[in-house]
Amino acid sequence: MQASVALKDPRRYFEEIGARRGATAEAPPVCLYLEVTNRCNLLCETCPRTFETLEPPADMSWELFTGIVDQVPNVARVVLHGVGEPMLVEALPRMIRYLKDRGTYVLFNTNGTLMQPRRFGELIDSGLDELRVSLDAADRASYARVRGKDFFDRIVRDVGKFIAFQKQAGATTPRVSLWLTGLKETVDQLPAFVRLAASMGVGEVHLQRLVFDEGGYGMARADLSLFESTQADEHAAIAAAQALGSELGVSLDASGATEPGMSLKRQSEDQPWATCRRPWSLMYFTAHGRALPCCIAPFSVRGYGNYTLGDATQSTLREIWDSPAYRDFRTALLSDAPPAPCQNCGMRWSL
């Protein structure tokens, strides 16, 4: 199973998939999401794993990791995160190097709590392309409310030290960015968040869209989401942050490398979910090898059994990719009755 797509921008891989979509994917995935662990050291109020057990705690084994990767030897992009904290995994640098040795673009999200100086060198030496730090607040009190624990000062200090170490070493990678989830609770902090990033030496800030399911949990609820209900003062905060970013040399984007304001709008009035390219472009595997449709699914519908598309410990990737479950999923996504995890994509949260 070989993918040979050369991506112009690895952050926008899903946009480069051809328009022809049907029950069967014409080409192998160009991107893999590998949940290297489902363990975490935080209790974030926007994460499903804080409120329910999705799968037994585990790190992805080296055998499962290589077994998946080796089936797509020319994969263009690999994301090494899921619902856990990747830096808890001892083999993480080895995994990154294994991918970099074949020319793959590699990134992961981290909560930044484990960015100790002793790990700076191994992160750079691994060849990691992109390091996304989810901070979610511009001050200590707000951080504790969203993240469930008080690590704010440590993260700001250690990420700042990493940037300084990187500059001293003359290293251009990984590209570091700070991420803020778009909550009504914290969106007014966006200008301060940009200023904080500049003080740390970070040149990129991203406004992350909140995803929530029907029941809602913690802060992942409709009443705290910005999507489709953004008010004038919230738009003003985004505009002020963009202006400040221009002044301080910090870019402000949304997830998917889109403009922040656009990321909060409904994609279309007619079947907004149908513009998605993910079931034709990527495969997501949990730490146990369960195949899921995308990284949004665990946040949008409860219970993995409702949208499991295969098991990498029991089947080859080709068998999963071409399976009746995947074909049915793609067919439903292009219909008036999309799969459960996709029903609100483009309506409550953007693609």
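Residues are numbered from 1 along each chain as its sequence is written. Because the model is predicted, local features need pLDDT of at least 70 and side-chain atom pairs count only at pLDDT 80 or more, while totals for chains, interfaces and linings use all residues; side-chain values use heavy atoms, without hydrogens and water.

A pair of aromatic rings is described by the distance of the centres and the angle of the planes. Rings of Phe, Tyr and Trp (its six-membered ring) pair if their centres lie within 6.5 Å; planes under 30 degrees apart are stacked, those over 60 are edge-to-face, and the rest are tilted. The count under this rule is nine aromatic pairs. In one of them, the ring centres of tryptophan 62 and tyrosine 98 are 5.4 Å apart and the planes stand at 75 degrees, so this pair is edge-to-face. Tryptophan 62 belongs to helix H1 (residues 62-69) and tyrosine 98 to helix H2 (residues 92-100), so the pair ties together parts that are 36 residues apart in sequence. Helices here are DSSP runs (H or I, at least four residues), as are strands (E, at least two), numbered from the N terminus. Trp62 and Tyr98 also form one aromatic cluster with Phe65.

How accessible is a residue? Buried means under 20% relative accessible area, exposed means over 50%, and partly exposed lies in between (1.4 Å probe, protein chains only). Tyrosine 98, with a relative accessible area of 25%, is partly exposed. Tryptophan 321 and tyrosine 326 form another edge-to-face pair, with 5.1 Å from centre to centre and 65 degrees between the planes. Both of these residues, tryptophan 321 and tyrosine 326, are buried.

A charge sits over a ring if NZ of Lys or CZ of Arg is within 6 Å of the ring centre and within 35 degrees of the ring normal. The ring of tryptophan 321 has the charged end of arginine 330 over it, 4.6 Å from the ring centre. Likewise, the charged end of arginine 21 sits over the ring of tryptophan 280, at 5.2 Å from its centre.

Cysteines come last. A disulfide is a covalent bond between the sulfur atoms of two cysteines, and it is counted here when the two sulfur atoms are within 2.5 Å. How many disulfides does a search of the whole structure find? It finds zero. For cysteine 47, the nearest cysteine sulfur is that of cysteine 44, 6.3 Å away. Cysteine 47 is buried, at 11% relative accessibility.
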